[in-house]
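Student: I'd like to learn how to read a few features of a protein model. Could you walk me through them one at a time?

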Amino acid sequence: MIEAFTIAQVIVACLAGLLCVAIGLAGRRPNDLTIGSLVLVEVLLLGQLVIALIAPALGNHPGGSVPLFYVYLVSALLIPPLAVFWALIERTRWSTVVLGVAAFAIAVMVVRMAQIWAS
């Protein structure tokens, strides 16, 4: 994994989480900004998938369990679309908070993926 890209992913996911939780607790429903922040997190995860597929060919081999890494990555890829789907079906302030919790979960999963790759 590329360390700078991982740090950028964590920062973006945490900022998206803070934004969504703050907007949700302010009583606002999901909007383009909150859903767009999760879309950005998903795009970065897709970039991570491409990096994870190419990195071993370039000599950056994972040190930990490869299947465990990819289980984390695939699970992380599923969380934003499912959270957005929920937010679009249940358009309440709490679904906006759920978007934020999903973003925070992605940040934690990306950190864990970096640990698995480096170990």
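Student: How many residues does helix α3 have, and what is its reach from the first C-alpha to the last?

Tutor: Keep in mind that this is a predicted model. Helix α3 covers residues 66–89, which is 24 residues, and its end-to-end C-alpha reach is 35 Å. That is close to the 34 Å expected at 1.5 Å a residue. At the start of the helix, a side-chain oxygen of Ser-65 comes within 3.3 Å of the backbone nitrogen of Leu-68.

Student: Which residues of α3 are buried, and what covers them?

Tutor: The buried residues are Phe-69, Leu-73, Ala-76, Leu-77, Pro-80, Ala-83, Val-84 and Ala-87. Their cover includes α2 (32–54) and α4 (93–118).

Student: Ala-87 is on that list. Which residues does Ser-95 touch?

Tutor: Leaving out residues up to four places away in sequence, Ser-95 touches Pro-30, Trp-86, Ala-87 and Glu-90. Ser-95 sits in helix α4, and it counts as buried because its relative accessibility is 1%, under the 20% cut-off. A polar atom of the Ser-95 side chain also lies 2.7 Å from the backbone oxygen of Thr-92.

Student: Now the rings, please. How is a pair of aromatic rings described?

Tutor: By two quantities, the distance of the centres and the angle of the planes. This structure holds two aromatic pairs. In one, the centres of the Phe-69 and Tyr-70 rings are 5.2 Å apart with planes at 85°, so the pair is edge-to-face. Phe-69 is buried at 1% relative accessibility, whereas Tyr-70 is partly exposed at 24%.

Student: What are the centre distance and plane angle for Phe-69 and Trp-117?

Tutor: There the centres are 4.9 Å apart and the planes are at 65°, so this pair is edge-to-face as well. The pair links distant parts of the chain, with Phe-69 in helix α3 and Trp-117 in helix α4, 48 residues apart. Trp-117 is buried, with a relative accessible area of 5%. Phe-69, Tyr-70 and Trp-117 form one aromatic cluster.

Conventions
Residues numbered from 1 in each chain as written. Predicted model: local features only at pLDDT ≥ 70, side-chain atom pairs only at ≥ 80, totals over all residues. Heavy atoms only, no water. Helix = DSSP H or I, 4+ residues; strand = E, 2+ residues; numbered from the N terminus. Expected span 1.5 Å × (residues − 1). Buried < 20%, exposed > 50% of the residue type's maximum accessible area, 1.4 Å probe, protein only. Contact = heavy atoms within 4.5 Å. Polar contact = N/O pair within 3.5 Å; in protein donor to acceptor, adjacent residues only side chain to side chain. Phe/Tyr/Trp six-rings, centres within 6.5 Å; stacked < 30°, edge-to-face > 60°.
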